[in-house]
Amino acid sequence: MSTSAVNTSSVTVIGLGPMGQAMAGAYLDAGYQVTVWNRTASRADGLVARGAVRADTVGEALAANEVVVLSLTDYAAMYAILEPAAPALQGRVLVNLSSDTPEQAREGAAWAAKHGARHLTGGVQTPPSGIGSTEFDTFYSGPRDLFEEFEGVLKVITGTDYRGEDPGLAALYYQLQMDLFWTALTAWLHMVALANANGISASEIGPFASRTLGGMSRFIDFYTPRIEAGQHSGDVERISMAVASLEHVVHTTRDSGVDATLPAALLETFRRGAAEGYEEDSLTRLIEVFGRGAAEK
C-alpha cells in the first residue's frame, strides 16, 4: 500500500507476544484496520480470525500503514527485525513500546531518523490485561508535534502521559517504575516464603501485605517534600533503628530455614549508611548513599 493510501484508522503491530496481541486486539475492537507480523506466524491466527491482516514479510507490514507499533523484547530485536526491511521505514511513525534503557531509546530514535522514520518511545504501565483501558497510562517521549498528531491513535492502547522531547525519557520513567515494582514484588514473595516456612499461607498473610504496601503511599507523600528540602533528620525513624529491625528479620529468616540473601543485602545497605555517619538520620539519607555508589563505578 502506498503512503498516500494510509490513514490514522489503520495501524501495524509488529511483535505478537501477550502485550502485542492485546494491543492489536484493542485496535480491532476500536474499528481499526490492523496489519500484524510476528516471527512465529501462527501467533497471528486468533487476530486474523477477528479481522486482522497477516503480513507475510516485515516489509509488507511496514508498507501497510503509516503508524507501526513495536512490541518487542528490546531494541536489539527491533534492529534484527527491521534492518533487513530498512527501505520500507521511510515515512513511517514507529511507536516503540519495547522495553530497554534510556540510552538505547535515544540510539533507536536516531537510527529510525536515519532511515526516514519518526520515532516515539513508549513505556507501558500495565500488563496485557489492562491494554485498551484508560485506567492505565503509557509514558511517551519524542517530538511533541508527533505525539500530539497521533495521540488519538495512542489512546486506543491506554491513556497517555507525555514526558518530553528527549527520546530516552519514557524509557527512563518506565525503568524507574520497574525498579520499584520488581523490588516490592520480590519482597512480597520473600515474605510469603517466610510465612509458609512457619505454617502461614499466602492467603492468611495477604491482607497484612496489602495493608503494608497500601500504606507506602503515605510514606512517599510525607517524605517527598522533606527530600526536596534536603531534610533528613531522624525525628520519625533512623537508620540505626532500621539496622536493628533488619537484623531481626534476617535472624528470623535464617532460623526458619529460608534464604536470607534478600534481607541480608538490604541490611548491608543500611549498615553502609550507618558507617558513613548517618546512623541517627532518616532512612532517606540512603538516596545520597546510593548516589555515591553509582558515581564510584
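## Helix 8 against helix 9

In this predicted model, W188, M191, V192, A195 and N196 of helix 8 meet A202, I205 and A209 of helix 9. By class, this contact has seven nonpolar residues, one polar residue and no charged ones.

Helix 8 covers residues 168–197, and helix 9 covers residues 202–228. Their axes lie 10 Å apart and pack at an angle of about 135 degrees. Helix 8 is therefore oblique to helix 9, because an angle has to be over 145 degrees to count as roughly antiparallel. The crossing of helix 8 and helix 9 is right-handed.

## Helix 10 against helix 11

Helix 10 spans residues 239–255, and helix 11 spans residues 261–278. The angle between them is about 155 degrees, with the axes 9 Å apart. Helix 10 is therefore roughly antiparallel to helix 11, because the angle is over 145 degrees. The crossing of helix 10 and helix 11 is left-handed.

From helix 10, the contact draws on I239, A242, V243, L246, E247, V249, V250, T253 and R254. From helix 11 come P263, A264, L266, L267, F270, R271, G273, A274 and Y278. By class, the contact of helix 10 with helix 11 divides into 13 nonpolar, two polar and three charged residues.

## The nonpolar cores

Nonpolar side chains tend to be buried together in soluble globular proteins. Here the largest nonpolar core has 32 residues. Which of them touch the most other members? They are Y27, V34, V36 and V69.

Leaving aside neighbours within four places in sequence, V34 is in contact with V11, V13, A24, Y27, L28, A52 and V53. There is also a second, separate core of 23 residues. Its members include V58, A77, A85 and A86.

T138 lies in strand 7, which runs over residues 133–141. Is T138 buried or exposed? T138 is buried, because its relative accessible area is 0% and the cut-off for buried is under 20%. Beyond neighbours within four places in sequence, T138 is in contact with L97, G122, G123, V124 and Q125, and also with T158, G159, T160 and D161.

A41 sits in the loop between strand 2 and helix 2 (45–49). A41 and R54 are 13 residues apart in sequence. In space they are 8.1 Å apart, C-alpha to C-alpha.

## The chain as a whole

The protein chain has twelve helices and eight strands. Its C-alpha atoms fill a box of roughly 65 × 45 × 30 Å, taken along the principal axes. Of its 297 residues, 44% count as buried.

How much of the contact set links residues 24 or more positions apart? Such pairs account for 61% of the contacts with a separation of 6 or more.

Technical notes. Residues numbered from 1 in each chain as written. Predicted model: local features only at pLDDT ≥ 70, side-chain atom pairs only at ≥ 80, totals over all residues. Heavy atoms only, no water. Axes fitted to C-alpha atoms, helices over the stretch in contact; angles between N-to-C directions. Helix = DSSP H or I, 4+ residues; strand = E, 2+ residues; numbered from the N terminus. Parallel < 35°, antiparallel > 145°, perpendicular 65-115°, else oblique. Left-handed = near helix turned anticlockwise from the far one by under 90°. Contact = heavy atoms within 4.5 Å. Nonpolar A, V, L, I, M, F, W, Y, C, P; charged D, E, K, R; others polar. Core = buried A, V, L, I, M, F, W, Y, C linked by side-chain atoms within 4.5 Å. Buried < 20%, exposed > 50% of the residue type's maximum accessible area, 1.4 Å probe, protein only.
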